[in-house]
Number of protein chains: 4
Amino acid sequence: MMSKQNTIRRIGILTSGGDAPGMNAAIRAVVLAAHQYSIECIGFFHGYNGLINQEYRLLDNSSVKDIIHKGGTILKSARCPEMLSETGVKQAVNSLIKLQIDALIVIGGDGSFNGMLAIEQHWQGQLIGLPGTIDNDLDGTDFTIGFSTAINTAIEAIDKIRDTADAFDRVFVVELMGRHSGHIAFNVGIACGAEQIISFENFNANDANKKVNEIVSDIKHHQSQDHQSYLIVLAENLWPNGAQSLSEQLKLQYSIDCGTCILGHIQRGGSPVAKDRLLATKLGVAAIEAVLVGKTSIMLGELKTEIEEVTLNDAVQHTKIVAENLVVAHENILALAAQNKR
Amino acid sequence: MMSKQNTIRRIGILTSGGDAPGMNAAIRAVVLAAHQYSIECIGFFHGYNGLINQEYRLLDNSSVKDIIHKGGTILKSARCPEMLSETGVKQAVNSLIKLQIDALIVIGGDGSFNGMLAIEQHWQGQLIGLPGTIDNDLDGTDFTIGFSTAINTAIEAIDKIRDTADAFDRVFVVELMGRHSGHIAFNVGIACGAEQIISFENFNANDANKKVNEIVSDIKHHQSQDHQSYLIVLAENLWPNGAQSLSEQLKLQYSIDCGTCILGHIQRGGSPVAKDRLLATKLGVAAIEAVLVGKTSIMLGELKTEIEEVTLNDAVQHTKIVAENLVVAHENILALAAQNKR
Amino acid sequence: MMSKQNTIRRIGILTSGGDAPGMNAAIRAVVLAAHQYSIECIGFFHGYNGLINQEYRLLDNSSVKDIIHKGGTILKSARCPEMLSETGVKQAVNSLIKLQIDALIVIGGDGSFNGMLAIEQHWQGQLIGLPGTIDNDLDGTDFTIGFSTAINTAIEAIDKIRDTADAFDRVFVVELMGRHSGHIAFNVGIACGAEQIISFENFNANDANKKVNEIVSDIKHHQSQDHQSYLIVLAENLWPNGAQSLSEQLKLQYSIDCGTCILGHIQRGGSPVAKDRLLATKLGVAAIEAVLVGKTSIMLGELKTEIEEVTLNDAVQHTKIVAENLVVAHENILALAAQNKR
Amino acid sequence: MMSKQNTIRRIGILTSGGDAPGMNAAIRAVVLAAHQYSIECIGFFHGYNGLINQEYRLLDNSSVKDIIHKGGTILKSARCPEMLSETGVKQAVNSLIKLQIDALIVIGGDGSFNGMLAIEQHWQGQLIGLPGTIDNDLDGTDFTIGFSTAINTAIEAIDKIRDTADAFDRVFVVELMGRHSGHIAFNVGIACGAEQIISFENFNANDANKKVNEIVSDIKHHQSQDHQSYLIVLAENLWPNGAQSLSEQLKLQYSIDCGTCILGHIQRGGSPVAKDRLLATKLGVAAIEAVLVGKTSIMLGELKTEIEEVTLNDAVQHTKIVAENLVVAHENILALAAQNKR
């Protein structure tokens with residue numbers, strides 16, 4: 001995937017789709033590394049909208065001072081329905097040409113990468129994607145920028161819910177983000193010692209009734225052993241009608257006092273943890289290096305601790321699943337599993 | 001309110017109602033201070049249930065080692081419907097008599113204090129209440145144990161929501177706890193720089209439609225000034241059909257993209273902030289001192305930085321409102337107000 | 001203390017001395033409240049240096065957007081030795097006159113207030129001080145802006161030290177800030193359940209040897225009871241040669257394995273807790289109200305939960321001591337005290 | 001490395017050396033996984049001391065309830081000089097034999113693993129090490145349990161120091177743990193956007209004077225560009241006479257106002273971040289699986305996201321260095337490097 005361009009004078013950068021902690025650290029690394037090679041850096045605002053509408057500003061070293069630790073994105077983000085139409089894509093391309101952009105770096109998720117794939121049809125410049133989404137649902141990288149912060153935010157919140165659940169020997173259903181993947185739910189569930197994890201990896205919505213029976217039986221087993229609380233971690237978009245529905249079923253059908261918590265958008269914000277700052281910094285620098293050697297239509301990610309590239313097409317296949325060693329670990333510590341094995 | 005008892009040999013302690021961060025610090029202070037005067041301390045589990053069922057254990061200094069910083073309550077808490085019947089109250093009293101308890105210290109909210117008022121009808125021992133609830137809805141104390149932690153937990157969560165709201169120039173409705181008081185919502189709203197606070201102090205459910213118009217107008221004013229995000233902090237049990245309903249009205253009627261977050265039970269948990277640890281420690285010690293001088297049927301609280309007592313009856317009047325100086329401050333910084341004044 | 005001025009068109013504001021979390025919240029409140037009355041707000045940078053050198057900028061509502069939760073100060077701070085000379089003071093006054101400032105609001109500690117007292121000799125404008133220092137060593141206010149955050153930062157750090165101290169059954173000496181007052185040390189010590197608090201309230205440097213004996217005896221008492229760790233919280237500028245010296249004495253003379261931690265400047269930074277944001281907001285608004293009614297040469301503070309004013313002279317007397325009810329509470333829970341009483 | 005044992009009835013577990021966040025999560029996983037296979041679990045207290053002195057207790061599922069999120073170690077830790085003598089080692093072995101331990105799992109660092117290597121000479125049972133140290137200085141694993149939490153604790157502290165450094169445009173030297181490796185310093189330095197990282201990877205103590213000149217020149221370059229603050233992150237045991245000495249040199253020789261902060265033991269404590277909880281859980285389960293298939297004298301770690309084993313001997317070679325991609329990233333964003341390249 002080598003482009004024909006040799007001299008890079010100016011790059012564009014934008015953040016798109018759901019914001020993720022570490023996006024600022026990635027912007028900073030891109031700008032600082034670009035500066036090393038005297039490459040000018042144009043930041044477009046509000047995702048692809050800023051590209052289409054030519055809303056941008058020049059980013060220099062002082063633009064990215066003291067942002068490595070900040071949540072959100074200084075370039076703002078947005079969904080951009082215009083990019084689904086050829087008109088919108090061509091406007092974006094026109095801007096790139098008019099502004100003499102040699103390469104465009106996009107930090108975002110699968111929707112953002114599809115935007116690049118559309119631009120690719122009409123533009124000769126280089127296109128580099130960086131995985132920025134809390135959902136960790138991109139192929140070609142073990143972790144996306146923002147994922148590690150999101151799971152830490154979630155475990156800190158759930159540790160607090162554990163306090164009140166323990167005080168009342170109470171059951172709680174906690175719904176976590178993840179769009180259509182279970183990476184957040186599964187990792188958070190294990191890290192919180194949740195008694196149940198209901199995730200894409202181990203649950204099919206058709207089995208909801210069976211699962212409820214299983215949960216009720218497990219809760220009773222726990223209560224018989226004088227255990228204190230029972231946390232059910234649930235991936236969003238999975239249980240029929242959501243967490244509230246599961247809670248109510250437990251209450252109405254089985255008289256189990258059950259609280260519900262939908263963590264929601266707090267998972268998107270906050271100062272990025274070290275892992276996300278480091279990953280974002282490495283990938284931001286790697287993006288400039290990739291641009292310099294003429295790469296295009298790739299996403300840079302981290303696979304098995306090394307910086308690797310995949311095609312944008314490969315990045316959006318949604319085939320990445322929760323690591324096997326995590327699933328195995330989970331099965332070997334879960335009280336329910338234990339109970340069944342004996 | 002002086003009791004006739006002179007020698008205190010054994011006290012009981014329990015936590016009741018919604019748990020609050022700092023309850024453990026209060027338990028610790030009671031136990032350590034009791035130890036100073038060679039008073040035995042019996043901890044009842046699960047609120048009044050442990051008293052009724054005589055589920056308890058002796059608490060000594062080592063029982064309260066390393067708990068000052070822990071959320072929840074080592075004595076557990078619970079609602080106790082039995083205390084609403086005379087049968088239940090008499091069982092509780094029987095336990096107190098049988099176990100030769102000289103004084104009972106209850107850490108909880110208004111429901112818990114009503115339990116003490118019922119016991120008072122049938123028991124000669126001393127009854128001391130300590131204000132333990134995140135809602136701050138007790139009279140006779142400027143702050144309840146747990147309130148300061150709850151508002152800090154909330155502002156940390158809302159700071160994260162601000163990140164993502166800023167990234168998308170987005171409106172969010174955030175619903176906070178408080179039962180039927182606006183202390184949490186109002187304090188948190190100001191501390192987060194929320195653009196709107198909808199609380200018992202400044203809103204009547206009958207004016208919902210008028211309020212929506214006001215909000216929409218204010219949002220448009222903000223957007224015209226290129227402001228980045230707009231947070232509406234809402235007290236629970238106030239808006240007709242809750243936060244989700246307000247969000248949907250903004251979306252459906254006015255096409256304002258609006259997120260919703262119901263913070264829920266994370267506000268109950270977590271390690272108590274310094275203020276709650278200090279308040280709990282002072283009140284726990286004061287409870288033992290009050291017991292020693294024969295006080296009964298009182299709640300100890302902090303008023304204007306001094307430890308003060310009020311009768312249990314006075315504590316549950318629900319007359320305490322958000323401090324005037326806070327409301328004034330709020331009115332003088334709110335952009336909406338500014339707009340109107342000019 | 002009424003000034004003769006009636007119409008306020010322009011005020012100046014600066015932050016001076018050691019920075020404190022909440023200074024930004026105070027700047028924000030001043031600017032937003034000034035805006036309400038169409039008063040122009042000039043922010044001077046780097047404390048009094050910016051006043052002397054006329055380094056400033058106009059602050060409007062957008063200047064203070066999204067700063068309520070930020071540590072440090074957007075106006076920067078600095079010590080300013082020039083203000084100790086008449087030349088420097090006159091330069092400052094010249095700037096105030098030249099820029100047609102009607103009132104100057106200074107957020108800082110005692111040194112900063114002395115600067116205002118010097119300016120008062122040469123200037124007819126109004127001077128309002130707001131208490132901004134983590135040390136809580138100003139009279140006329142129960143709490144200074146920054147103090148609550150500093151003690152929370154300290155307890156979070158010490159909770160971590162407790163973890164490792166517990167793991168090793170180890171003694172630690174932790175030195176806290178406070179300049180020459182024990183507010184931080186005493187409050188933090190109680191909130192952490194420290195086994196020893198060595199502070200201005202309960203220790204004289206001449207008694208160091210006696211104190212060491214007392215500590216060693218108490219440590220042995222704890223160890224005999226199988227307690228896990230032993231934390232000594234120490235105010236800075238108090239123990240002869242500091243924390244390290246105490247640790248070494250315990251190690252060398254008594255073979256007690258003792259770690260040392262000097263928390264240092266992390267106590268100055270970080271996002272302000274709710275209490276500091278609220279206090280700063282109330283005082284910032286009150287400063288504008290005071291300016292409008294012609295007040296001068298006062299500091300605004302919070303006394304017994306009310307906003308009050310004191311003269312700048314009274315604010316810097318250093319007579320405020322740790323609240324009696326806290327000292328009493330401490331004496332009644334400390335194991336050492338208990339041991340002595342029995 | 002297959003042992004001859006076939007049936008595992010009882011295992012021992014201990015934590016040794018400097019405690020690290022996540023040790024409790026590892027203990028929990030070992031105990032829960034052992035329970036799955038009806039293996040009894042004996043926990044020895046205070047590291048090898050508990051083995052030598054037979055201070056232990058049986059650990060069942062309820063022993064490890066609600067510990068996954070706790071810092072420190074419920075089994076306590078300690079250095080154990082006795083293990084350096086044959087007498088001590090033989091006592092340890094005698095305990096293992098007497099208590100009919102089939103396998104011993106040790107969570108700790110290189111010293112702890114040397115203890116196992118000594119036991120290996122005299123005992124037929126299985127020996128499994130898990131990497132538990134904040135320093136990340138073990139070979140055979142990309143990350144040790146505790147490292148991720150330690151760097152997050154450090155960046156949160158340094159973010160606060162940045163606040164006050166920014167407020168004063170000030171230089172700070174921050175010394176971090178790491179014993180004799182730069183993993184903490186280097187990762188933290190990058191994650192904080194430190195202007196200088198002085199670590200084993202890029203500095204030799206003989207070049208101290210040259211380095212000071214370089215730093216001074218870089219500070220001046222920053223100041224000329226109106227940058228706000230300058231953070232120097234320093235690995236412990238590296239700079240001649242430590243951080244304080246570097247600070248003083250900058251002050252005395254170059255009149256650069258320079259603060260110092262030695263983070264110290266707060267880096268050891270605190271609730272483990274998700275990464276450490278997950279790693280500890282995976283390795284704890286893997287330890288039981290390794291025991292079941294007869295493995296011995298190995299350490300289990302995570303290499304390139306897979307659970308792998310290395311011999312204990314290989315684990316303690318101290319050859320692991322900071323990842324190349326991190327060093328490269330660092331060189332490409334550092335202002336100093338940029339300055340030199342141009």
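This is a predicted model: local features need pLDDT of at least 70, side-chain atom pairs count only at pLDDT 80 or more; totals for chains, interfaces and linings use all residues.
1. Local features need pLDDT of at least 70, side-chain atom pairs count only at pLDDT 80 or more, and totals for chains, interfaces and linings use all residues. Residues are numbered from 1 along each chain as its sequence is written, chains are lettered from A in the order in which they are written, and side-chain values use heavy atoms, with hydrogens and water left out.

2. Take B:Arg162 and B:Glu195, a salt bridge whose closest N and O atoms are 3.2 Å apart. B:Arg162 sits in helix α5 of chain B and B:Glu195 in the loop between α6 and β7, so the pair ties together parts that are 33 residues apart in sequence.

3. Now the A/D interface. Contact (heavy atoms within 4.5 Å) links 55 residues of chain A with 55 residues of chain D. The two chains bury about 4,600 Å² between them, 54% of it on carbon and sulfur atoms; that is accessible area (1.4 Å probe) lost on putting the two parts together, summed over both. A:Gln36, A:Lys65 and A:Ile333 supply 15% of the area that chain A buries there, more than any other three residues.

4. Charge shows up here too: eight salt bridges cross between chains A and D. One of them pairs D:Asp159 with A:Arg277, with the closest N and O atoms 2.7 Å apart.

5. Back in chain B, helices α1 (residues 23-36) and α9 (residues 274-292) pack at about 35°, with axes 7 Å apart; axes are lines fitted to C-alpha atoms over the stretch in contact, and angles run from 0 to 180 degrees between N-to-C directions. The residues of this contact divide into nine nonpolar, two polar and one charged. Among those meeting are B:Ala29 and B:Val30 from α1(B), and B:Gly284 and B:Ile288 from α9(B).

Methods:
A salt bridge is a side-chain nitrogen of Lys or Arg within 4 Å of a carboxyl oxygen of Asp or Glu. Helices (H or I, at least four residues) and strands (E, at least two) are DSSP runs, numbered from the N terminus. Ala, Val, Leu, Ile, Met, Phe, Trp, Tyr, Cys and Pro count as nonpolar, Asp, Glu, Lys and Arg as charged, and the others, Gly among them, as polar.
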